[in-house]
Amino acid sequence: PVFHQLIQRITTTAGIPNQHSFLQIVDMNSGGTIHRHYDAAYDGHINYKCNISILADPYDFVIDGQAVHIEQSDMYCFEASLYKHWTPQPFQSRRILLSFGFMLPYEVLGRTAEDPRVRMSNRIQKKFQKMENPQR
């Protein structure tokens, strides 16, 4: 029930529907980093992430080249399959976050299949699918 309540609060706060949600619990030791990457998404959908910092010293998280300063208990949401994201510096302490993901149809976030970021995301997905399954 507690995770369902959290998801309900997140979707209400972010103004998104509770569709195709999932949860990752990330626990990283001091010195860990998040390398530059895009998250995966299903065709016709955007992987929308809302991360809650549970345990961490303050750190910067970069989304599409823009640093966002994160403090313990902060929540930050973004279109993880459309924007490259990473941490520019290794963590100075242990870091735990709850990463709530939502696979949302393009239209829910005001996007279309012709949106340049959506088209780029689709090309990235196809490239990785070919790398994982070369017979395609």
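Ile25 sits in strand 1 (strands are DSSP E runs of at least two residues, helices H or I runs of at least four, numbered from the N terminus). This is a predicted model, in which local features need pLDDT of at least 70 and side-chain atom pairs count only at pLDDT 80 or more, while totals for chains, interfaces and linings use all residues. Residues are numbered from 1 along each chain as its sequence is written, and side-chain values use heavy atoms, leaving out hydrogens and water.

Ile25 counts as exposed because its relative accessibility is 56% (exposed is over 50%, buried under 20%, partly exposed in between, with a 1.4 Å probe and protein chains only). Together with Val2, Phe3 and Leu23, Ile25 forms a nonpolar surface patch of about 350 Å² accessible area. Helix 1 (2–14) and strand 1 (21–28) each supply at least two of the patch residues.

Next, the open sheet: its three strands follow the order 4-3-6 with antiparallel pairing (pairing takes at least two DSSP bridges between two strands). Strand 4 (66–70) and strand 6 (85–86) are the edges, each pairing on one side only.

Strand 3 (residues 59–63) runs antiparallel to strand 4, joined by five bridges. Asp60 has His69 in strand 4 as its bridge partner.

## Ser81 in its loop

Where is Ser81 placed? Ser81 lies in the loop between strand 5 (75–79) and strand 6, and is buried because its relative accessible area is 1%.

A polar atom of the Ser81 side chain lies 3.0 Å from the backbone nitrogen of Asn47.

How values were computed: Patch = residues over 30% accessible without salt bridge, like charges linked within 9 Å, V, L, I, M, F, W, Y side chains within 5 Å. Areas by Shrake-Rupley, 256 points an atom, 1.4 Å probe, with all protein chains shown as cover. Salt bridge = Lys/Arg side-chain N within 4 Å of Asp/Glu carboxyl O. Polar contact = N/O pair within 3.5 Å; in protein donor to acceptor, adjacent residues only side chain to side chain.
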